[in-house]
Amino acid sequence: MGKKAQQLRHETIRTIRTAPLTDAQRKHLEGATYEGSPFHKRNPGDFGLTPPAAPRPDKTLCDEAGIFKKVVATRLFKRGTKRALVSEFMTPAGFPKEFWVVDSEGNVFEAMYGGSREGAYHGYPIRRSDPLFDKVSSAWKKKP
Amino acid sequence: MSAIDFQVCEWLGTWDSDPRQDATLASLRLDAGAGAGRVCLTDVYDQIARTVRPYINVSAYALARWLLLNWWRLRWEPPRRGADWLLAHSLAAIGEGYAWPPAVISSDGEFIQIQASAESACDVAAIRYLANAMLDVPAADFEAAVDGLAGQVQLRLSACSGEDRDLRELQEELAEERTDPQLANTCRLQAIAGFNPGDAPAGWLDEMENLCHGVGPGAIGELAAVLPSLRGGLQEAQEGVNQLRRSGHEIDLGWLRTPPRSKHPELPWEKGARLAVFVRQLLGQESGPLTDSTLGDCLGTALPMPFIERRALKGGFRSNGNGRTRVAVPNARPESQRFYLARLMGGALFASKDDHLLAVTDAGTAMQKCERSFAQELLCPWRDLDAFTDENGLGDDAIADAGEHFQVSDWVIRTALVNKHKLPRERLPQALQ
């Protein structure tokens, strides 16, 4: 029973990986790149992104988490690839489907695999009401 | 009208990254509750548009998939603490970068509870949720609403990008589990215990089946509900049952008769209160405090009963069909004992005749809600408490006096007053708020 649901849960439900990445996996992750998504920006023009056509999806917004510049987002992204708080599920390309980073204000961001090329991610803040927020915050503090 | 409705107000579509999510971006509205209590859980203030709207623009596919993936636990699992429980029960856990409602879904087995909290400020999104709600939705309505949403999403995908194989296979698997009685029971028990179907450890199902033979088909669900709180798990549950079976203390619950069923659907707490009124009639004392003497006489024992020790598994065990029920009283305080024994009476009325174990637990199952409500109404009839507090006030001293008058604890009085909206929730002890 539940085989299909188990398979899909493994692929979709966000679970923080407990076993550390291997050196090869870490190096691979450090080659990932950040691509912004206009759906997660109130003012996507600051990131050089084309604003989406109305009506806009109700996505979380980097601006609301204090990220207004692409350079800041990129710096946060790099911190995330180095700290490597990643998901259990790995994509066929060998990248974790998600990884997470916490900024100095305690905001939690999720980087989701997917973009215009292999290794590209887009990112967004996650809400405090998201149960993963506390799990990531706690895991981030413990991660060396 | 269904007590819960996922309504696709409009398909929007987009061009983000995942074709399934893109095709099913929709203005989606979620309403729950009945009559004057109906609430739009997707009422939001949009700070960009500076307007209030009753829908959110989200991926219906992501929502449908999450509901199906967590179906058994949403349908059957009672509330618990912890992020892991919330990941399967909070809409906010759907993720995918959307600002989902801060609403939590749980179950007592008969009804689905939806709890939503209004936001005081936008939380890394341009929308702020406005609805505060604690709602009970008939389980059948919830099941139909989820099926309806999944069907709509599949139709939309078929029209746009082709039927989604994952979603179809998920729907088929769930349909098979739901329609096969044995499979459904197995999935249900795992879900009540906090497992997704198929995730229970090896041997768990066999042990549960063995336990079921001993305690009864309804009681096994009550045990499943408390298993996560038992450090020793199933073994501790079995030992607890054995201890109850061997207890040297008995009470008589054989005189209890089941009243006619209610003509209308009733929530578990409503059932408990109604049963208590009936039992008061059986006792020939429809109002006023029940003395230890009256309570003891009807149970065939003297109160207070000997206090044995605190145990993880509490309740009674009846094996002969004559209503004699072995009990181990886990409280020394007289008012706690009275409440516990009253809960056992409520449990005896709620349980089926095939159940030997009458569990008394902290779980949020329908039976436990019925027991608590029964005990409250039996020992402290609302009409009497209402009149008492009208006369004596609602101050702390008056509440303490009411507790003494009805021989129940302070928190029973406060809980009753809060439930009837006569006392604000803030007057409950912190742990109960």
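**Close-up views of a predicted two-chain model**

Across all chains, 12 aromatic pairs are counted; rings of Phe, Tyr and Trp (its six-membered ring) pair if their centres lie within 6.5 Å. This is a predicted model, where local features need pLDDT of at least 70, side-chain atom pairs count only at pLDDT 80 or more, and totals for chains, interfaces and linings use all residues. Residues are numbered from 1 along each chain as its sequence is written, chains are lettered from A and ligands numbered from 1 in the order in which they are written, and side-chain values use heavy atoms, without hydrogens or water.

**View 1. F339(B) and W411(B) form an edge-to-face aromatic pair.** Their centres are 5.7 Å apart, with 65° between the planes. Planes over 60 degrees apart count as edge-to-face, under 30 as stacked, and the rest as tilted. F339(B) lies in helix α13 (residues 334-350) of chain B and W411(B) in helix α17 (residues 410-419) of chain B, 72 residues apart. Helices (H or I, at least four residues) and strands (E, at least two) are DSSP runs, numbered from the N terminus. F339(B) is buried, at 9% relative accessible area. W411(B) is partly exposed, at 40%. Buried means under 20% relative accessible area, exposed over 50%, and partly exposed in between (1.4 Å probe, protein chains only).

**View 2. Five strands of chain A form an open sheet.** Their order is β1-β5-β4-β3-β2, with mixed pairing. Two strands pair if DSSP finds at least two bridges between them. β1 (33-34) and β2 (85-86) of chain A each have a single partner strand, so one side of each is left without a neighbour in the sheet. β2(A) runs antiparallel to β3 (residues 98-102) of chain A, joined by 2 bridges. Here V86(A) stands opposite F99(A). Helix α4 (residues 131-142) of chain A packs on the sheet and touches β2, β3 and β4 (108-113) of chain A. Contact means heavy atoms within 4.5 Å. The direction of α4(A) makes about 70° with that of β3(A); axes are lines fitted to C-alpha atoms, for helices over the stretch in contact, and angles run from 0 to 180 degrees between N-to-C directions.

**View 3. Six rings of chain A form one aromatic cluster.** The members are Y34(A), F77(A), F95(A), F99(A), Y113(A) and Y121(A).

**View 4. Strand β8 (residues 111-116) of chain B is largely enclosed by the rest of the structure.** Of its 6 residues, 5 are buried. Strand β7 (residues 103-107) of chain B pairs with β8(B) in the antiparallel sense over 5 bridges. S106(B) has Q113(B) as its bridge partner. The hairpin of these strands has 3 residues between them, and G109(B) takes a positive phi near 105°. β8(B) also pairs with strand β10 (residues 133-138) of chain B, antiparallel over 6 bridges. There Q115(B) stands opposite M134(B).

**View 5. The largest nonpolar core holds 123 residues.** A nonpolar core is a set of buried Ala, Val, Leu, Ile, Met, Phe, Trp, Tyr and Cys residues joined through side-chain atoms within 4.5 Å. I4(B), F6(B), L41(B), L63(B), L223(B) and L357(B) touch the most other members. Helix α2 (residues 60-69) of chain B gives the largest share, 9 residues. Beyond its neighbours within four places in sequence, L63(B) contacts F6(B), L28(B), L91(B), I94(B), W100(B) and L149(B). A second, separate core has 48 residues, including I251(B), L253(B), L299(B) and W382(B).
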